[in-house]
Amino acid sequence: MTMQSARVLKENEYIGEISAKKDPSELKRSLKSRHLTMISLGGTIGTGLFLASGGAIHEAGPGGALLSYFIIGLMVYFLMTSLAEMGAYMPVAGSFSTYASKFVDPSLGFALGWNYWFNWAITIAAELAAVTMIMKFWFPNTPSILWSSLFLAIMFLLNYLSVKGFGEAEYWFSLIKVVTVVIFIIIGTLMILGIMGDHAIGFKNFTIGDAPFHGGFMAMLGIFMAAGFSFQGTELLGIAAGETDNPAKAIPRAVKQVFWRILLFYILAILVIGLIIPYTNGNLAVESVRVSPFTLVFQKAGIAFAASVMNAIILTAVLSAGNSGMYASTRMLWDLARQGKAPRFLGKLNKHGVPVNALIATSLVGTLAFLASLFGDGKVYNWLLNASGMSGFIAWLGIAVCHYRFRKAFAAQGKDLSLLPYKSKFFPFGPIFAFSVCGFVVLGQNYTAFMGGHIDWNGVLVSYIGLPLFVLLWLGYKFTKRTKVIPLEKCDLTN
């Protein structure tokens, strides 16, 4: 690093810290490096690993599941290096929504911001619904509204008190999940080698039937989508950048560990499950705590109360996801209000630096969406969930586009790359690869609806509803505000 870039970096860190302390209209930089690391990690480990991984192995075989998760994991890693480069240089709570407004077109920033807010607001409702099912494992005759209200209050308070309170809660939630996966991998490995259990399991389950690859490419395509949903949440470190005490150091440090975490927690966990439980086992296809692949392996190891232990851990994962969702959606809504793209009263901060009005609005929307799941046949709720599922992939597409334009604008304006606190080594391949894979997954969301000689329009509408909603937001803002794509020479690169 040159002396000039080191000086610029130090000045940026100093200015960021001082402005966070002095300006009451800005968020407080209270998140430490350990918080940021666990936030990005906690966003990845959840019900996708603890429950859905079994279905992936059942559908595509152990080899198909491993390859699908590895490809999506690699794509997510490239995306995180892209986000880290922009986030370390320009740490803002609006993250890729702000970057799109500065480097592409304000209308794209508007659409990405509202799309991401909607994604997490609905996710809060989904987590509240999951909480009721988890608690009924222990208390089957209790009303759903009791548990959803209690856990909504807990998530609200964790976010209301201070950003440090959120970070600390997320740190411990994530730590529980990490420890569980590590213990699972160790016990599973001992069983495979024959150190635990009656005999060595070895690799026999990788050769039964048509394993390791079952169902061919089309089965793997379905797993691409499931893997993508599992990894959604890693982009939270970009949102948290605006409240990190030393983003220039903390963000790159968190991202550098992402690939190894993905390798350890997903690839090794799926490898262990695939080796111990044959893909032909019908229980793998059932997403229930009683037959979670983790529960099945722990039971095989002779661990008593495996289902109850996993239920408690899955409850932690759900709480963590809801807590993170409330944080991310609140910050995005606050930033939209600050840019004049949402009602101005949502941009208010309390004395602890928390966007309290945006937090209340997000909680209310999450509550309304949850109530929609309790009344009627839940059709409205299912539509909301489907639209939300697509939103995560749209956000990732936005990150790839923003990074590509950011680096091109940097070159067009004659700026030295040494000014970047963190530089992605994979440009331009990284964002291009991520954009291509994300686009492929989005378009292939429900390919079966177009097969069989006729189009299943209901299936198309249910699966792709998030796409027209996003386009409507984008073009609606573009035509009403008459925005244009910003020339590379005029992109705002001030940090």
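Student: What makes Gly 347 count as partly exposed?

Tutor: Keep in mind that this is a predicted model. Gly 347 has a relative accessibility of 26%, and since buried means under 20% and exposed means over 50%, with partly exposed in between, the value falls in the middle class and Gly 347 counts as partly exposed. Its place is in the loop between H13 and H14, and, leaving aside its neighbours within four places in sequence, Gly 347 is in contact with Trp 334 and Ala 337.

Student: Why is Arg 482 called exposed?

Tutor: Arg 482 has 71% relative accessibility, and because exposed means over 50%, that label applies to Arg 482. This residue is found in the segment after helix H18 (466–481), and Arg 482 has a positive phi of about 50° although it is not a glycine.

Student: What makes Ser 292 buried, and what is it in contact with?

Tutor: The relative accessible area of Ser 292 is 0%, and since the cut-off for buried is under 20%, Ser 292 is buried. Although Ser 292 has its place in the loop between helix H11 (258–276) and helix H12 (293–300), it is in contact with Phe 50, Leu 51 and Met 310, leaving aside its neighbours within four places in sequence.

Student: How do you know whether Asn 115 is buried or exposed?

Tutor: Asn 115, which lies in helix H5, has a relative accessible area of 5%, and because buried means under 20%, the conclusion is that Asn 115 is buried. Leaving aside neighbours within four places in sequence, the contacts of Asn 115 are Ser 391, Ile 394, Ala 395, Phe 470 and Leu 473.

Student: Why is helix H10 described as largely enclosed by the rest of the structure?

Tutor: Seven of the 10 residues of helix H10 (residues 247–256) are buried, so the helix is largely enclosed by the rest of the structure. The buried residues in H10 are Pro 247, Ala 248, Ala 250, Ile 251, Pro 252, Ala 254 and Val 255.

Student: How do you know that the length of helix H6 agrees with what it should span?

Tutor: Helix H6 (residues 144–161) has 18 residues, which at 1.5 Å a residue should span 26 Å, and because its end C-alpha atoms are 26 Å apart, the two values agree.

Student: What puts the buried residues of H6 on the same side?

Tutor: The buried residues of H6 are Ser 144, Trp 147, Ser 148, Phe 151, Leu 152, Met 155 and Asn 159. They cover an arc of only 125° around the axis, which puts them on the same side of H6. As background, an α-helix has 3.6 residues a turn, so residues three or four places apart point the same way. What covers the buried residues of H6 includes helix H5 (106–138), H7, H13 and helix H14 (356–374).

Student: How do the axes of H7 and H13 cross, and what kinds of residues make up their contact?

Tutor: The axes of helix H7 (residues 163–193) and helix H13 (residues 306–338) come within 9 Å and cross at roughly 145°, and the crossing is left-handed. The residues of the contact of H7 with H13 divide into 10 nonpolar, six polar and three charged; among them are Phe 166 and Phe 173 in H7, and Ile 313 and Leu 319 in H13.

Methods: Residues are numbered from 1 along each chain as its sequence is written. This is a predicted model: local features need pLDDT of at least 70, side-chain atom pairs count only at pLDDT 80 or more; totals for chains, interfaces and linings use all residues. Side-chain values use heavy atoms; hydrogens and water are left out. Axes are lines fitted to C-alpha atoms, for helices over the stretch in contact, and angles run from 0 to 180 degrees between N-to-C directions. Helices (H or I, at least four residues) and strands (E, at least two) are DSSP runs, numbered from the N terminus. A crossing is left-handed if the near helix is turned anticlockwise from the far one by less than a right angle, and right-handed if clockwise. Contact means heavy atoms within 4.5 Å. Ala, Val, Leu, Ile, Met, Phe, Trp, Tyr, Cys and Pro count as nonpolar, Asp, Glu, Lys and Arg as charged, and the others, Gly among them, as polar. The expected span of a helix is 1.5 Å times one less than its number of residues. Buried means under 20% relative accessible area, exposed over 50%, partly exposed in between (1.4 Å probe, protein chains only). The arc is that of the directions from the helix axis to the C-beta atoms.
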